[in-house]
Amino acid sequence: MRLYDPLERDLPAMGFVVMEDAETGEQLLVDTQDRGFRERFAQIGREREMALRQACRRAGVDLLELGTTDQIARELLRFVDMRRRRSRVRASGSGP
């Protein structure tokens with residue numbers, strides 16, 4: 001399961017903000033008003049998400065992606081139901 005904040009995908013123009021690398025603690029002052037910065041930020045995020053999805057696919061892992069604005073309980077139930085149905089299909093021998 002991956003929980004994400006939509007701001008990771010679409011950074012709003014808020015002026016100058018301090019961003020911190022959660023792993024290293026390094027801080028960087030960035031200007032979110034700069035359209036080029038926001039576009040690069042979004043592109044890097046898309047590439048990171050694509051790499052994660054591909055890695056999960058190669059490993060045969062189902063990935064549930066939930067946004068902080070999603071109705072998490074509903075999405076989780078939908079995911080579990082989808083997995084249950086797929087398991088039944090495989091058990092019956094008619095699936096991949």
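Colleague: How do the residues lining the largest pocket divide into nonpolar, polar and charged?

Modeller: Ten are nonpolar, one is polar and three are charged. Here Ala, Val, Leu, Ile, Met, Phe, Trp, Tyr, Cys and Pro count as nonpolar; Asp, Glu, Lys and Arg count as charged; the others, Gly among them, count as polar. This is a predicted model, where local features need pLDDT of at least 70, side-chain atom pairs count only at pLDDT 80 or more, and totals for chains, interfaces and linings use all residues. Residues are numbered from 1 along each chain as its sequence is written, and side-chain values use heavy atoms, with hydrogens and water left out.

Colleague: How is a pocket found, and what volume does the largest pocket have?

Modeller: Rolling a probe the size of a water molecule over the atoms shows where empty space is left. A pocket is an open set of points on a 1 Å grid over the protein atoms alone, where a 1.4 Å probe fits, with protein on both sides within 12 Å along at least five of seven lines; lining residues have an atom within 4 Å of a point. Points are joined across faces, edges and corners, and the volume is the space filled by probe spheres set on them. The largest pocket has about 310 Å³.

Colleague: Which residues lie nearest the centre of the largest pocket?

Modeller: E8, L11, M19, F37 and F41, out of 14 lining residues. The largest share of the lining, six residues, comes from α1. Helices (H or I, at least four residues) and strands (E, at least two) are DSSP runs, numbered from the N terminus.

Colleague: What lines the second largest pocket?

Modeller: M19, E20, D21, A22, E23, E26 and L28. Three are nonpolar, none polar and four charged. The volume is about 230 Å³.

Colleague: Is T32 buried or exposed?

Modeller: Buried means under 20% relative accessible area, exposed over 50%, partly exposed in between (1.4 Å probe, protein chains only). T32 counts as buried because its relative accessibility is 0%. T32 lies in the loop between β3 (27-31) and α1 (35-59). Its side chain has a polar atom 2.7 Å from the backbone nitrogen of M14. A polar atom of that side chain also lies 2.6 Å from the backbone oxygen of G15.

Colleague: Where is Y4, and which side chain does the side chain of Y4 meet in a polar contact?

Modeller: Y4 is in strand β1 (residues 2-4). A polar contact is a pair of N or O atoms within 3.5 Å; within protein, one must be able to donate a hydrogen and the other to accept it, and residues adjacent in sequence count only if both atoms are side-chain atoms. The partner of Y4 is the side chain of R9, at 3.1 Å. Y4 is buried, with a relative accessible area of 11%.
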